[in-house]
2 protein chains.
Amino acid sequence: MQRVTIAQVAERAGVSTATVSRVLSRRGQVSAAVERKVRRAADDLGYQVNVIARALRNSRTDTVGMVVPSITNPFFTSLVESVEHALGKEGKELFLCDARSDPRIEARRLASLVARNVDGIIVSPSHGTESRPAVQQTAERLPLVQLDRFVDGTTTDWVGVDDVAAMRQVMDHLHEGGARSAAFIGSLMTHSSTEQRFAGFRRRAEELDIEVRPDQVLLGDYSVEWGEAAVARLIAEGGLPDAIVCADDLIALGATRACRAHGFPVPGKVQVTGYDDIEFSRLAEPALTTVHQPRDRIAAEAVRLLAAAGRTNEAERGPHAHISLVPTLVVRDSTRATGAPPEGA
Amino acid sequence: MQRVTIAQVAERAGVSTATVSRVLSRRGQVSAAVERKVRRAADDLGYQVNVIARALRNSRTDTVGMVVPSITNPFFTSLVESVEHALGKEGKELFLCDARSDPRIEARRLASLVARNVDGIIVSPSHGTESRPAVQQTAERLPLVQLDRFVDGTTTDWVGVDDVAAMRQVMDHLHEGGARSAAFIGSLMTHSSTEQRFAGFRRRAEELDIEVRPDQVLLGDYSVEWGEAAVARLIAEGGLPDAIVCADDLIALGATRACRAHGFPVPGKVQVTGYDDIEFSRLAEPALTTVHQPRDRIAAEAVRLLAAAGRTNEAERGPHAHISLVPTLVVRDSTRATGAPPEGA
DNA sequence: CACCTCATTGCAATCGATTACAGCTGGGTT
DNA sequence: AACCCAGCTGTAATCGATTGCAATGAGGTG
């Protein structure tokens, strides 16, 4: 395996390894005749550079590492796709790791990426505080950009959306649809995204005079199951409010399902909103009103920041950037059109 | 970045690099006192091996590469998750690549994995024939296992499910539900999976005397959109059969949606089945009857084959294994319970 | 006391590609 | 004719970890 080395190509072409390297990496001057001989030999032998050896010598791998909390969450997979696309344009490749929402696994992955000499790391941290040591240490060694979520109290580049602004749009829309009370279903506050989204939710609710009962703020995790369970609890403990605002689409999908299963039509009896605009939010019954994140743009900015960090010397690296993009509300069928009151109200 | 080398640890501990290496990789004999000194020094400096350098020397990277047609297809992401899990137990890591369903990108990814000296490759080829050269060449250099799909006429290890047996179960179930005619919606026959599934479909349909009109076999790609479009075409060109058998869940999700949108209740007027049992098949309305693939088992077998291939010398590698697991039918609400005739029949 | 054994430890080569530096060659200058 | 220069090519050092071989020294034996 991987038998053909530059030395063999050199021998076959009757030149030195230096010359072969110069031809194959297009650096330095080589006469046309020799170049032809070398290329010929390389093709004949099926030569392929050994990226490992090159990386050791250059301490550059043209590879970027990415760590996400869960590869089965469609939001992250589409983010990964966008990142890979953006990197492709720069001739870089992506090394993807799944942290399984566990800061310890996450720390191992980060360490392993550092050991692999990736040129930079893009991470969406699993935990708002427990991810800190690993992320911080990693950022001291390599260019690192946090994506979507971020760790409390770290100073690294970050790209994401303005959750507060998004929630403002959501609440305004629900209010127009007649909602005067609302529940919030999110993950534990250990993710910055839930924290931000909840903050935006609460602030605008107050401003619009939408009632939020403290026992109707339910925190679990980003999953369909949790959405279902949370709604079951709401129903058991005093009934549903006019609207249920969910911190992501998976939760919203589960919540919608549970509402309907318990005989509360959506959006007839209760409006439901999601967040992320994953593909299935469009397919759900009813199609989900949600917040669309500009994934390609987020990815592009992240890649740009990494590239910039890679070029400048570590010591003179400037202040870190926090890039916050504005997401857009996608109105579908799980909320009511303007002004319609709740059924039977 | 990555500043601490074995030499620095050696200096700090007052020993040679050889000794440090022996301590840190637990090989060879080292006195307890020296071992302590070395570990102490390594910890103090925050030493981490440079995997690149080690890989160059050992020509082993403890990394397995995986190439899938599309990372946004939930079936593949859950397969990836299973593979990563299985590899974790062996102390290996996964390098994941997305081929975007393009054999050319796929070829590039494979080449890059070879160049990166991965220990083995797991690939679900994008195309039944065009993927051949790249897969074949790669398999000559490295242990390689094809997963789920395979390339026509290649001799490598393969792990997947028995599509024909699965389709047999599907057809039997539909037949019991009263179906006497059926359509098939799949991807182009360029994927072995569609090919196999269609073969199983057709064979059992014949045996059960279920009518399959040639113009009701529609081939596009694995996507929700195609499922919707295909059903629209069926309706436009002569109406729906008793059952629609789809080559994967995404198609089935789209098909179901389109049926309902055009006023054909599922399973009332038409039964629909999927394949893969992705998470959203359970959440769809109605929940999808589908074929569950034993993903963990598939992944475990693939990893086992790779490990075995890695141990034996390439030359004396035995015959290649084709491991075919039996999937199970998951009956949900998009098909009819035993014996019920179509509505209005 | 001479000699042997065996556990430790160090030296230096090695993996494969890159590149600073030096050497060579042929043509152009004065 | 002596000298320069530019363009090409080769030699050898380098990246960091591993490991065969040799050296060292402590302890044991006769």
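**Exercise 1. Work out whether Phe201(A) is buried or exposed in this predicted model.**

Solution. Start with the relative accessibility of Phe201(A), which is 0%. The cut-off for buried is under 20%, so Phe201(A) counts as buried.

**Exercise 2. Find out what kind of aromatic pair Phe184(A) and Phe201(A) form, and which parts of chain A the pair ties together.**

Solution. Let's begin with the total: over all chains, the structure holds 12 aromatic pairs. For Phe184(A) and Phe201(A), the ring centres are 5.1 Å apart and the planes make an angle of 45°.

Phe184(A) sits in strand 6 (residues 182–187) of chain A and Phe201(A) in helix 9 (residues 192–208) of chain A, so their pair ties together parts 17 residues apart in sequence. Phe184(A) is buried too, at a relative accessible area of 0%.

**Exercise 3. Look at Arg197(A) and say which ring it lies over.**

Solution. Arg197(A) lies over the face of Tyr275(A), 3.7 Å from the ring centre. Then check chain B: Arg197(B) lies over the face of Tyr275(B), again at 3.7 Å from the ring centre.

**Exercise 4. Work out how chain B and chain A are related.**

Solution. Superpose chain B on chain A: that takes a rotation of 180° with 0.0 Å of shift along its axis, and the RMSD is 0.1 Å. The two copies are therefore related as by a two-fold rotation axis. The same surface serves both copies, since 100% of the contact residues of chain B recur in chain A.

**Exercise 5. Describe the contact between the chains, then pick out a salt bridge that crosses it.**

Solution. Count residues first: 56 come from chain B and 56 from chain A. On to area: the two chains bury about 5100 Å² between them, with 50% of it on carbon and sulfur atoms. As for charges, there are 12 salt bridges across the interface. One to look up is Arg109(A) with Glu93(B), whose side chains meet at 3.5 Å, N to O.

**Exercise 6. Find where Thr77(A) lies and which residues it touches.**

Solution. Thr77(A) is in helix 5 (residues 74–88) of chain A. Its relative accessible area is 5%, so Thr77(A) is buried. Leaving out residues up to four places away in sequence, Thr77(A) touches Ile71(A), and over in chain B it touches Ile71(B), Thr72(B) and Thr77(B).

How values were computed. Residues numbered from 1 in each chain as written. Chains lettered and ligands numbered in written order. Predicted model: local features only at pLDDT ≥ 70, side-chain atom pairs only at ≥ 80, totals over all residues. Heavy atoms only, no water. Least-squares fit on C-alpha atoms with pLDDT ≥ 70 in both. Contact = heavy atoms within 4.5 Å. Phe/Tyr/Trp six-rings, centres within 6.5 Å; stacked < 30°, edge-to-face > 60°. Helix = DSSP H or I, 4+ residues; strand = E, 2+ residues; numbered from the N terminus. Buried < 20%, exposed > 50% of the residue type's maximum accessible area, 1.4 Å probe, protein only. Lys NZ or Arg CZ within 6 Å of the ring centre and 35° of its normal. Buried area = accessible area lost by both parts, 1.4 Å probe. Salt bridge = Lys/Arg side-chain N within 4 Å of Asp/Glu carboxyl O.
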